Amino acid sequence: MTFDTIDAVQSELGDTGYICDRALATVVFLSQRLGRPLFLEGEAGTGKTEIAKAIAAALGKRLIRLQCYEGLDASSAVYEWNFAAQMIAIRTGEAKENLFSDDYLIARPLLEAMKPQEGGAPVLLIDEIDRTDAPFEAFLLEALSDFQVTIPERGTIVAPEPPIVILTSNRTREVHDALKRRCLYHWVGYPNFEREMEILQSRAPEATQQLSEEVVAFVQRLRTEDLFKKPGVAETIDWAKCLLALDVLTLSPEVIADTLGAVLKYQDDIQRLQGSEAKKILDDARKSIPAE
Ligand SMILES: Nc1ncnc2c1ncn2[C@@H]1O[C@H](COP(=O)(O)OP(=O)(O)O)[C@@H](O)[C@H]1O
Ligand SMILES: [Mg+2]
């Protein structure tokens, strides 16, 4: 399965609940057409990880995720030998001749993504690449340039068909140019009011139009404040769900004060909204809601 057009990307991702704007749909389409990895950079909670899941679901492909973290090295990203099992095999004399067979090979995400799969090449999500370091980036660059990995005891394993690769970064640091150059790049920004309404209606359809509009307008207005950490789309959805759980029908400064922890995750930011500030932002937000 592939996406035949940019419209198909939008509508098929839409069917999985993912709201994709035209620019994002275009790079998704191109990345698949040209067989180039897609590099998505943007603030946390703007739907970067989610789109990889949506693409896999829409195309009926397996999703393989490599979650990056500080100190991640090539061996934990590609494969490891199960030393304990090898030792036991030697002890019990079951090792026969091959200690480097599949029985003892633990495939990590990159190797897994290169193996032949039912349903064709998988979607490989390399998530939060900004958490790793330069040597790991250099290693990835190599692996992504020819879609093959080498295991000294076994030789080189070449992907029968290149996976669809999506890299994400929350931009806690700049990722090296060389890696970016290999990819198609797209900045995932906060959605505008209309798009965030669509996303909220897709993710929290139980919320009324009025509550959804107030929540989205409030969060949109909040993002214009000088905050330590601005709320992402994830926070908008969480907040709406909290309000629903509390049977809230409309926002008020009191409700906001009681539930702000769903939206802002730093005490300094929460403090800013104390006193009359929440009411002011709510008033602004209400005024910004477009009339039908
Ligand atoms: N365009 C979108 N369409 C549907 N849901 C979205 C969209 N953007 C974000 N979300 C929701 O927001 C949440 C956070 O998105 P996520 O992909 O984890 O953010 P990121 O990886 O950019 O930090 C997801 O659970 C998803 O449901
Ligand atoms: Mg993410």
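Axes in these legends are lines fitted to C-alpha atoms, for helices over the stretch in contact, and angles run from 0 to 180 degrees between N-to-C directions. This is a predicted model, in which local features need pLDDT of at least 70, side-chain atom pairs count only at pLDDT 80 or more, and totals for chains, interfaces and linings use all residues. Residues are numbered from 1 along each chain as its sequence is written, and chains are lettered from A and ligands numbered from 1 in the order in which they are written.

**View 1. Helix α10 against helix α14.** The axes of α10 and α14 (residues 277–288) come within 8 Å and cross at roughly 115 degrees. Helices (H or I, at least four residues) and strands (E, at least two) are DSSP runs, numbered from the N terminus. The crossing of α10 past α14 is right-handed; a crossing is left-handed if the near helix is turned anticlockwise from the far one by less than a right angle, and right-handed if clockwise. On the α10 side the contact is made by Glu 214, Ala 217, Phe 218, Arg 221 and Leu 222, and on the α14 side by Ile 281, Leu 282, Asp 284, Ala 285, Arg 286 and Ser 288. Two residues are in contact if their C-beta atoms, placed from the backbone, lie within 7 Å. This contact has 6 nonpolar, 1 polar and 4 charged residues. Ala, Val, Leu, Ile, Met, Phe, Trp, Tyr, Cys and Pro count as nonpolar, Asp, Glu, Lys and Arg as charged, and the others, Gly among them, as polar.

**View 2. Helix α10 against helix α11.** The axes of α10 (residues 209–222) and α11 come within 10 Å, crossing at roughly 140 degrees. That angle makes α10 oblique to α11; angles under 35 degrees count as roughly parallel, over 145 as roughly antiparallel, 65 to 115 as roughly perpendicular and the rest as oblique. α10 passes α11 in a right-handed crossing. Leu 211, Ser 212, Val 215, Val 216 and Val 219 of α10 meet Glu 235, Thr 236, Trp 239, Ala 240 and Leu 243 of α11. By class, 7 of these residues are nonpolar, 2 polar and 1 charged.

**View 3. Helix α9 against helix α10.** α9 and α10 pack at about 130 degrees, with their axes 10 Å apart. α9 is therefore oblique to α10. The crossing of α9 past α10 is right-handed. Phe 193, Glu 196, Met 197, Leu 200 and Gln 201 of α9 make the contact with Ser 212, Glu 213, Val 215, Val 216, Ala 217 and Gln 220 of α10. The contact divides into 6 nonpolar, 3 polar and 2 charged residues.

**View 4. The two domains.** The chain is divided into domain 1 (6–74 + 107–188) and domain 2 (193–283), with bounds from an automatic or database domain assignment. Their C-alpha centres lie 31 Å apart. In domain 1, 8 residues are in contact with 10 residues of domain 2. The domain 1 side of this contact has 2 nonpolar, 4 polar and 2 charged residues.

**View 5. The shell around ligand 1.** Ligand 1 is surrounded by 18 residues, the closest being Gly 47, Lys 48, Thr 49, Glu 50 and Ala 234; a residue is near a molecule or strand if its C-beta atom, placed from the backbone, lies within 6 Å of it. At least two residues of the shell come from each of α3 (48–59), α9 (193–203) and α11 (233–245). The shell has 7 nonpolar, 8 polar and 3 charged residues. Both domain 1 and domain 2 give residues to the shell, so ligand 1 lies between them.
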